[in-house]
Amino acid sequence: MTAPLLTVENLRVSFPTHSGRVEVVKGLSFTLGRERLGIVGESGSGKSMTGRSILKLIRKPGLVTADKLNFEGIDILDQNEKQMRAIRGARISMVMQDPKFSLNPVMTVGEQIAEALVTHQKLPRRDVQARIIEMLHAVRINDPERVARLYPHEVSGGMGQRIMIAMMLIPEPELLIADEPTSALDVSVQAQVLDIIDELVRNKGMGLILISHDLNLVSRYCDRILVMNAGHVVEECAAGQLANAQHPYTRGLLAAMP
Ligand code: ADP
Ligand code: MG
């Protein structure tokens with residue numbers, strides 16, 4: 001493996017309940033290089049809380065602790081909110097399930113890409129239009145001039161997700177966290193979106209954490225896989241070794257695969 005981008009040791013996430021606290025991530029550890037890591041597990045197993053912890057996006061009364069949560073030499077748990085804002089979006093980007101919640105509803109697609117380009121790439125205004133078209137092409141949008149003029153509610157889910165991916169990559173992050181990026185999409189467009197993520201991540205040599213409940217999907221798009229169950233990692237293996245997995249929970253998932 002290449003030098004780690006991210007080191008996670010004994011990550012724990014808990015929430016208060018009427019009778020104390022309930023732990024939803026129970027001592028998770030892994031390292032990630034510039035590779036594609038899949039986190040798979042059924043709903044409620046703690047995948048999203050793991051992804052959000054890395055970006056320090058879990059708000060009180062949630063509590064996150066770790067022996068180590070280190071991204072490129074930065075101790076994430078030591079960062080204040082202002083420091084985290086500089087990391088989020090710029091060095092670690094996140095794509096979530098529904099692009100409708102991430103895109104600004106009152107700006108056209110072109111306007112929001114323009115804003116991101118000017119903010120993150122310090123691109124002169126006169127070069128912005130050409131760059132927008134180029135970026136939309138890169139996520140395989142065939143008629144970028146038209147799409148740039150649309151508002152988020154006027155684009156399909158698959159198109160919205162491709163636009164989000166283009167936007168998330170503007171600051172050239174080192175790590176992309178994709179949390180169920182295609183779960184809200186029709187099966188026919190899921191592969192298109194994942195192929196685009198895959199191509200861009202490989203071309204730019206980024207790290208990817210792909211979170212999904214779908215074992216088929218992570219085994220296809222990832223190099224390494226963590227299987228989570230009820231807050232624990234029950235299996236960690238190379239994607240190619242999955243068929244030899246020993247843990248009964250993983251075997252159950254494999255048996256349920258179509
Ligand atoms: P996954 O992404 O694997 O479906 P999550 O990481 O979102 O699961 O959630 C793990 C567990 O944490 C779930 O049981 C969920 O109910 C619980 N949880 C998430 N957010 C909160 C919260 N704000 N308060 C209490 N429990 C929460
Ligand atoms: Mg989730």
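**Figure 1. Strands S10 and S11 form an antiparallel pair joined by 6 bridges.** Strands (E, at least two residues) and helices (H or I, at least four) are DSSP runs, numbered from the N terminus, and two strands pair if DSSP finds at least two bridges between them. This is a predicted model, in which local features need pLDDT of at least 70 and side-chain atom pairs count only at pLDDT 80 or more, while totals for chains, interfaces and linings use all residues. Residues are numbered from 1 along each chain as its sequence is written, with chains lettered from A and ligands numbered from 1 in the order in which they are written. Arginine 224 is placed opposite alanine 238 of S11. The hairpin of S10 and S11 has 2 residues between the strands, and alanine 230 there has a positive phi near 50°.

**Figure 2. An open sheet of 6 strands has mixed pairing.** The strand order is S7-S8-S9-S3-S10-S11. Strand S7 (92-95) and strand S11 (232-238) each have a single partner strand, so one side of each lacks a neighbour in the sheet. From one strand to the next, the twist averages 15°. Within the sheet, strand S3 (residues 36-40) runs parallel to strand S9 (residues 207-212), and 5 bridges join them. Arginine 36 faces leucine 208 of S9 across this pair. Helix H9 (residues 248-256) lies across strand S10 (224-229) and S11, at about 105° to S10. Axes here are lines fitted to C-alpha atoms, for helices over the stretch in contact, and angles run from 0 to 180 degrees between N-to-C directions.

**Figure 3. Helix H3 (residues 109-121) packs on helix H6 (residues 157-168).** The angle is about 15° and the axes are 10 Å apart. H3 is therefore roughly parallel to H6 (angles under 35 degrees count as roughly parallel). Their crossing is right-handed, a term used if the near helix is turned clockwise from the far one by less than a right angle. Val109, Gln112, Ile113 and Ala116 of H3 make the contact with Ile163, Ala166 and Met167 of H6; two residues are in contact if their C-beta atoms, placed from the backbone, lie within 7 Å. This contact has 6 nonpolar, 1 polar and no charged residues. Ala, Val, Leu, Ile, Met, Phe, Trp, Tyr, Cys and Pro count as nonpolar, Asp, Glu, Lys and Arg as charged, and the others, Gly among them, as polar.

**Figure 4. H6 also packs with helix H7 (residues 187-204).** The two axes come within 10 Å and cross at roughly 10°, so H6 and H7 are roughly parallel to each other. On the H6 side are Gly158, Gln161, Arg162 and Ile165, which meet Val189, Gln192, Val193, Ile196, Ile197 and Leu200 in H7. The contact of H6 with H7 divides into 6 nonpolar, 3 polar and 1 charged residues.

**Figure 5. H3 packs with helix H4 (residues 125-138) at about 115°.** Their axes are 9 Å apart, and the crossing is right-handed. H3 contributes Gly110, Ile113, Ala114, Leu117 and Val118, and H4 contributes Arg125, Val128, Arg131, Ile132 and Met135. By class, 7 are nonpolar, 1 is polar and 2 are charged.

**Figure 6. The shell around ligand 1 includes Phe15, Val24 and Lys47.** Also in the shell are Gly41, Ser43, Gly44, Ser45, Gly46, Ser48, Met49 and Gly62; a residue belongs here if its C-beta atom, placed from the backbone, lies within 6 Å of the ligand. Helix H1 (residues 47-54) supplies the largest share, 3 residues. The shell has 3 nonpolar, 7 polar and 1 charged residues.

Definitions and conventions: Angles under 35 degrees count as roughly parallel, over 145 as roughly antiparallel, 65 to 115 as roughly perpendicular and the rest as oblique.
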